[in-house]
Amino acid sequence: LKQYSIYRKLFDSKAGAEVIAQLIDRRANVSSDTLKGQIDYSLAVNAYMKRDAKNANTHLNNAISSYRLVGDSLRLGHSLHLKAMISNNPDSTVILLKEEQAIAEAIEDKEMMVKAHLGLGNFLSRQGDYDLALEHYFSSLEIMEKLDNKGPMITINNNICAIYFFRREF
């Protein structure tokens with residue numbers, strides 16, 4: 001939350017607006033697809049922070065295309081995750097998160113695997129599919145136990161507890 005408010009202040013400031021304008025200008029003159037993807041991803045985050053879903057989606061689609069073109073699986077996975085989080089279409093959300101999960105497994109990025117399972121768990125929980133949500137939460141916990149960064153474990157455990165609470169199994 002603190003990091004979000006710092007970004008929010010930056011993007012809402014005059015200096016933040018200048019940075020965004022520079023990124024837009026720079027993107028027009030860049031030939032590297034990787035750099036175009038990075039600029040589009042930054043612009044998508046900015047639009048998302050301003051609750052501008054249309055521009056966020058446009059920039060994410062551009063970033064995803066760029067990352068697919070150059071085969072940058074790690075950045076592609078992160079872009080798919082953000083697109084899934086802002087999607088209003090449940091079918092698209094599941095497809096995007098499952099693609100992120102497949103990429104994470106293919107490149108053996110355990111942190112991205114955790115994020116994909118957590119995203120799927122959150123989505124399924126909101127849809128009321130608690131059994132499948134729990135499967136994804138427990139999968140993410142299992143992976144987390146092997147990582148040095150234990151930060152997301154609190155969130156995952158809280159989500160598991162919430163499901164048991166909703167089901168009145170306590």
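1. The lining of the second largest pocket draws its largest share from helix 7, which supplies 7 residues. Helix 5 (73–86) and helix 7 (110–126) each give at least two residues to this lining. Helices here are DSSP runs of H or I with at least four residues, numbered from the N terminus. A pocket is an open set of points on a 1 Å grid over the protein atoms alone, where a 1.4 Å probe fits, with protein on both sides within 12 Å along at least five of seven lines; lining residues have an atom within 4 Å of a point.

2. The model is predicted: local features need pLDDT of at least 70, side-chain atom pairs count only at pLDDT 80 or more, and totals for chains, interfaces and linings use all residues. Residues are numbered from 1 along each chain as its sequence is written, and side-chain values use heavy atoms, with hydrogens and water left out.

3. The second largest pocket holds about 270 Å³ of space. Of its 15 lining residues, Glu-111, Val-114, Lys-115, Leu-118 and Pro-152 are the closest to the centre. By type, the lining has 7 nonpolar, 5 polar and 3 charged residues.

4. On the surface, Phe-165, Phe-166 and Phe-170 make up a nonpolar patch with about 410 Å² of accessible area together. Patch residues have over 30% relative accessible area and no salt bridge, and nonpolar side chains are joined within 5 Å. Phe-166 belongs to helix 9 (residues 152–166).

5. The protein chain has 9 helices and 0 strands. Of its 170 residues, 38% count as buried (under 20% relative accessible area, with a 1.4 Å probe and protein chains only).

Key
Grid points are joined across faces, edges and corners, and a volume is the space filled by probe spheres set on the points. Ala, Val, Leu, Ile, Met, Phe, Trp, Tyr, Cys and Pro count as nonpolar, Asp, Glu, Lys and Arg as charged, and the others, Gly among them, as polar. Patches are made of residues with over 30% relative accessible area and no salt bridge: like charges are joined within 9 Å, nonpolar side chains (Val, Leu, Ile, Met, Phe, Trp, Tyr) within 5 Å. Accessible areas come from the Shrake-Rupley method with a 1.4 Å probe; for residues, only the protein chains shown count as cover. A salt bridge is a side-chain nitrogen of Lys or Arg within 4 Å of a carboxyl oxygen of Asp or Glu. Buried means under 20% relative accessible area, exposed over 50%, partly exposed in between (1.4 Å probe, protein chains only).
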